[in-house]
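Dear colleague,

I am handing over the structure below, and I would be grateful if you would look through it before reading my notes.

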Amino acid sequence: MTAPDRLRFSPAPTGYLHIGSVRTALFNWLQARHTGATFILRIEDTDVARSTQESTDQIQHVMQWCGLDWDEGPYLQSLRFDEYLAAAQTLLDAGVAYECFCTEDEVKARNEDAMRAGRTPGYDGRCRDLTAEQRAAARAEGKPRSVRFRTPDEGRSSFEDLVRGEVSVEWATVPDFVIVRSNGTPVFFLANAVDDAAMQITHVLRGEDLIDSTHRVLALRRALGHTELPRYAHLPLIIGPGGGKLSKRHGAVSVEEYRDAGYLPHALVNYLALLGWGPEDGREVLTIDELIAEFDVSRVNPSSATFDPKKLEWMNGEHIRRMPLPDLVSATLPFAQDRYREHLDIPKFERAVELAQKRATTLVQIAEQAAFLFVPDEEFVIDENSWEKVLTTERAKDVLDAVCEYVEQCEWTDEVDVRPAIEAIGLKPNKKIMPVLYTAIEGTSSGLPLFDSISLLGRDRALQRLRGARARLADA
């Protein structure tokens, strides 16, 4: 019986987990769940100077929020240094690695000289063929010692990529590379090769920016005697609108920013799944179960994928509309509680969420659209841009007078339809007139459906708002 496949997500905890890394985690997770494979979380914290516990915790929190559960781990590479250093010694003993006594500054200076002379930069092999006596002398002098892997002088490195087909490079273009730093810590090439073999990883899905490192990792695996190789799939880069690296100027780049802005985890996951992949029937809005059922890494497109914040917001709105109302209320409630605290009226809020569900695109938008209901009357503020429109609306005073009189006397229902009052003074309740009432009631020229909002606000508070706007107009 064939053993199940094993996939891993292995981020470095040197900063926040950005959108591109989450997409990589997602594709690994989807492939694992689609095929019944084991999904492993491995923290590649070999760079001890830059790795932090805060980042390690953040990685796990983000994955949990996105619903990307793991079957094994998290494994910390910082706890496995003995295994990596033992592997480095094996390579030294076999003569495929060597001690290097060049400092970073020396290598940098020689590279600059090479570029000025028109030569390709890269380690020049200065320590490659030192004699045993020369190495002993360097150690005696206390020179910093790293360990480099000796790349082949000729031939090609090739592997079959599930997304890109054959990927090949001339070994002559790959200089000898460090596998143990001068401070004694292993470099991720070595840790990666050792752990993928030890953990019996069968598939490696990661960003295309790591293609070059794959040749190094495969060379190390072979040198350590591991002939069975995992299947690789290098995923397309995510770029910003207009091309170029995704950055802050294109919108948020960390998952927490989208969480705090009121995006649903399953909406973000749905959108990220479509960056470089899509189901055969072209559907865009999918549930997690549908994504799992449809996903296949062989359908990943090698071309760069464009991150479009507007498309993500649209998709978030689509998922909001598909949520059962109780679930949407529960998801939105923390945002409202944070804003309105003891002023929050839960039954009113539930009704406001129901009204907002038809058009809202984020949970924060829903919470904020309900602000007029829960801010204390003395703190109610009208948006200045909306008020400017009121000032330029013909017969705004007449509209407010007529609606005040109507609201004071009308039957109170779930929808207080004030159109008869507007029509009674010879006006049409159109897009020119209605913003006057939205602004008076909700503080902005658009928001929750007006007639429902008036009802939710209550007769006394609605009249107070309308009369306040009318008095302000009189003073204008």
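Axes here are lines fitted to C-alpha atoms, for helices over the stretch in contact, and angles run from 0 to 180 degrees between N-to-C directions. Helices (H or I, at least four residues) and strands (E, at least two) are DSSP runs, numbered from the N terminus. This is a predicted model, in which local features need pLDDT of at least 70 and side-chain atom pairs count only at pLDDT 80 or more, while totals for chains, interfaces and linings use all residues. Residues are numbered from 1 along each chain as its sequence is written, and side-chain values use heavy atoms, with hydrogens and water left out.

Helix packing

Helix α17 (residues 396-409) and helix α21 (residues 459-475) have axes that come within 10 Å and cross at roughly 160 degrees. The two helices, α17 and α21, are therefore roughly antiparallel to each other (angles under 35 degrees count as roughly parallel, over 145 as roughly antiparallel, 65 to 115 as roughly perpendicular and the rest as oblique). The crossing of α17 past α21 is left-handed, a term used if the near helix is turned anticlockwise from the far one by less than a right angle, with right-handed used if clockwise. Among the residues of α17 that meet α21 are Leu 400, Val 403 and Val 407, and the α21 side includes Leu 463, Leu 466 and Leu 473, where contact means heavy atoms within 4.5 Å. By class, this contact of α17 with α21 has 11 nonpolar, one polar and six charged residues (Ala, Val, Leu, Ile, Met, Phe, Trp, Tyr, Cys and Pro count as nonpolar, Asp, Glu, Lys and Arg as charged, and the others, Gly among them, as polar).

Helix α21 also meets helix α19 (residues 434-442), and the axes of α19 and α21 come within 8 Å and cross at roughly 115 degrees, in a right-handed crossing. Leu 437, Ala 440 and Ile 441 of α19 meet Ala 462, Arg 465, Leu 466 and Ala 469 of α21.

Elsewhere, helix α12 (residues 325-340) and helix α13 (residues 346-356) pack at an angle of about 115 degrees with their axes 10 Å apart, which makes α12 roughly perpendicular to α13.

Pockets

A pocket is found on a 1 Å grid over the protein atoms alone, as an open set of points where a 1.4 Å probe fits, with protein on both sides within 12 Å along at least five of seven lines, and its lining residues have an atom within 4 Å of a point. The largest pocket has a volume of about 1200 Å³, a volume being the space filled by probe spheres set on the points, which are joined across faces, edges and corners. Its lining has 36 residues, of which His 18, Gly 20, Ser 21, Asp 209 and Leu 210 lie nearest the centre, and α1 gives the most to this lining, with five residues.

The second largest pocket has a volume of about 460 Å³ and is lined by 15 residues, of which Glu 104, Ser 146, Arg 148, Val 178 and Arg 181 lie nearest its centre.

Backbone details

The peptide bond from Gly 73 to Pro 74 is cis, with omega near 5 degrees, and Pro 74 is placed in strand β3 (residues 72-76). Gln 200, in the loop between α6 and β9, has a phi near 55 degrees, a positive value in a residue other than glycine.

With best wishes
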